[in-house]
Amino acid sequence: LIIGSHQKLRCSFKRHAGGPEEYYTGHINRLGLDLGITAGGVMAWAVLAPTNGIQHRALVGKYVGASGDISLGAGVGANALIGGSHRSVALQPISLEAQVGVNLALGVAGLTLN
């Protein structure tokens, strides 16, 4: 879409200190320039929280922020998102993405994790 997009997500959270992996579903919406075609992909973020002992399922919630990525075969992106449990979780500003396609996207992003 030229002015926005909606993508479904399946996510897993792996704690740096170990422990059980957590699984989430959700979606990401973008409002702004979004030109091109992509087919699937993988995105990785570091999770920043004000505490070492982040609670189980603490990533459930809504995140908002700025987003931009470009793809020509493989892609690279920057997503600055904050939200989650009482808006206390930040997703690392630089995300790693691997997707197939040709795409340019710049705008505001909203991420919801369930």
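I started with salt bridges in this predicted model, and the count came to one. My cut-off was a Lys or Arg side-chain nitrogen within 4 Å of an Asp or Glu carboxyl oxygen.

Which residues make the bridge? I found glutamate 22 paired with arginine 15. Their closest N and O atoms sit 2.7 Å apart, so the pair passes the 4 Å limit. A reminder to myself: oppositely charged side chains can pair when their charged atoms come close.

Glutamate 22 has 4% relative accessibility, so I noted it as buried. Arginine 15 has a relative accessible area of 22%, so I put it down as partly exposed.

Where is arginine 57? I traced it to the loop between β3 (47-48) and β4 (61-72). Its relative accessibility is 31%, so arginine 57 goes in my notes as partly exposed.

Last, I went over the surface for nonpolar side chains. Which residues make the nonpolar patch? I wrote down Leu33, Leu35, Ile70, Leu104 and Leu106. Together they make a patch of about 400 Å². Strands β2 (22-44) and β7 (94-113) each give the patch at least two residues.

Leucine 104 has a relative accessible area of 32%, so I marked it partly exposed. That value also clears the patch cut-off, which asks for over 30%.

Methods: Residues are numbered from 1 along each chain as its sequence is written. This is a predicted model: local features need pLDDT of at least 70, side-chain atom pairs count only at pLDDT 80 or more; totals for chains, interfaces and linings use all residues. Side-chain values use heavy atoms; hydrogens and water are left out. Buried means under 20% relative accessible area, exposed over 50%, partly exposed in between (1.4 Å probe, protein chains only). Helices (H or I, at least four residues) and strands (E, at least two) are DSSP runs, numbered from the N terminus. Patches are made of residues with over 30% relative accessible area and no salt bridge: like charges are joined within 9 Å, nonpolar side chains (Val, Leu, Ile, Met, Phe, Trp, Tyr) within 5 Å. Accessible areas come from the Shrake-Rupley method with a 1.4 Å probe; for residues, only the protein chains shown count as cover.
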